[in-house]
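Colleague: Could you walk me through the labels on this one? I'd like to hear what stands behind each of them.

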Amino acid sequence: MAMQPQRKLIGQILKEQGFVTDAQVKEALVIQRDKGGVIGEILRDIGYVSEDAIVTALGIQSGMETVNLDDLEIPPDVLEKVSVSIASIYRIVPVSFENNVLTVAMAEPHNLDVLDDLRFMLSCEVKGAIATESSVDGAIERYYATRKQEVDNLVKNIQTADADIDFDSFTHKEGSINLDLQEQITSAPVVKLLNYILVQAIKDQSSDIHFEPFEEDFRVRYRVDGVLYDMLPPPRHLAQAITSRVKVMSQLNIAETRLPQDGRIQLTIGGKPVDMRVSTLPTLVGESVVMRVLDRSVVALDLDRIGLRDDELLNLRGLINKPHGIVLVTG
């Protein structure tokens, strides 16, 4: 069996490209041995190499192309492929989309899990390209600033308008909603924020949405592929308004805040039916809410779409076609 060639080290590539000397690499290795860290970043922090030099070396090492985001004009339809939350969480920027292949710029080419996650969430082939950290962060801020500003403005509007919501008049029993309450809730800006949270969670293919009150803040988090990610936190004093709105939508008793409750919400977003299971749990600082998202449109029931390699898919189909036996899926 032929052995695969060993991948060159970043320090070696930088030296071969003439960016650093042998003495500078040895100095960085001493620092790495004493304090830890990555050779490329150590050389950059010392001032021996630039970010562009590191990107060039990473491109040679990984075999990926490099892109200069500062000189690139990204079409709006390409930007629409990736939401602001995904771009911020994974620190990637979409740069092109051709033949159902999305190319994204990233600063960490060795983190291949990012590409796998994006393939699953975006339902297309995803290819990585390397860019500097500063250019990736700058591009996210530049291209997605408008969308971030929309959320910021929404929160500011809520901060000035939520005083009009009368929590004492909330009554909701046996699935009926008081008309005065319904008018208050639908006219409140908090509805827009909650709608944004739900739509964004479904768009990012989140499995759960967590609303968690704390003494000093109120956190909203999405669970994507088993990992929780924080989104823009609403002001702490809006916790009761958001929780009450969720309880109204899921046909729960708003007046009951001392016992756990379970409910259900049925939505249609973009023509797609979405079910949500809602659970509330009282805590010392308010009610915690977890919403389980059941988007039937993203359930991959086709074997060709569950992410198996061609050889694995062939073996699985062979097993299925056998007259006897059982296939165990374990984790």
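**Salt bridges, surface and strands**

Modeller: Let's start with a network of salt bridges that links Lys15, Asp22 and Lys26. Keep in mind that this is a predicted model, where local features need pLDDT of at least 70, side-chain atom pairs count only at pLDDT 80 or more, and totals for chains, interfaces and linings use all residues. Residues are numbered from 1 along each chain as its sequence is written, and side-chain values use heavy atoms, with hydrogens and water left out.

Colleague: What makes aspartate 22 and lysine 15 a salt bridge?

Modeller: The label needs a side-chain nitrogen of Lys or Arg within 4 Å of a carboxyl oxygen of Asp or Glu. Here N to O is 3.0 Å, so the pair counts.

Colleague: Why is aspartate 22 called partly exposed?

Modeller: Buried means under 20% relative accessible area, exposed over 50%, and partly exposed in between (1.4 Å probe, protein chains only). Aspartate 22 has 35%, so it counts as partly exposed.

Colleague: And why is valine 329 called exposed?

Modeller: Its relative accessibility is 80%, so valine 329 counts as exposed.

Colleague: How do you know that β10 and β11 pair?

Modeller: Two strands pair if DSSP finds at least two bridges between them. Strand β10 (residues 272–283) and β11 run antiparallel with 10 bridges, so they pair. Strands here are DSSP runs (E, at least two residues), and helices are too (H or I, at least four), numbered from the N terminus. A hairpin joins β10 to β11 through two residues, and proline 282 stands opposite glutamate 287 in β11.
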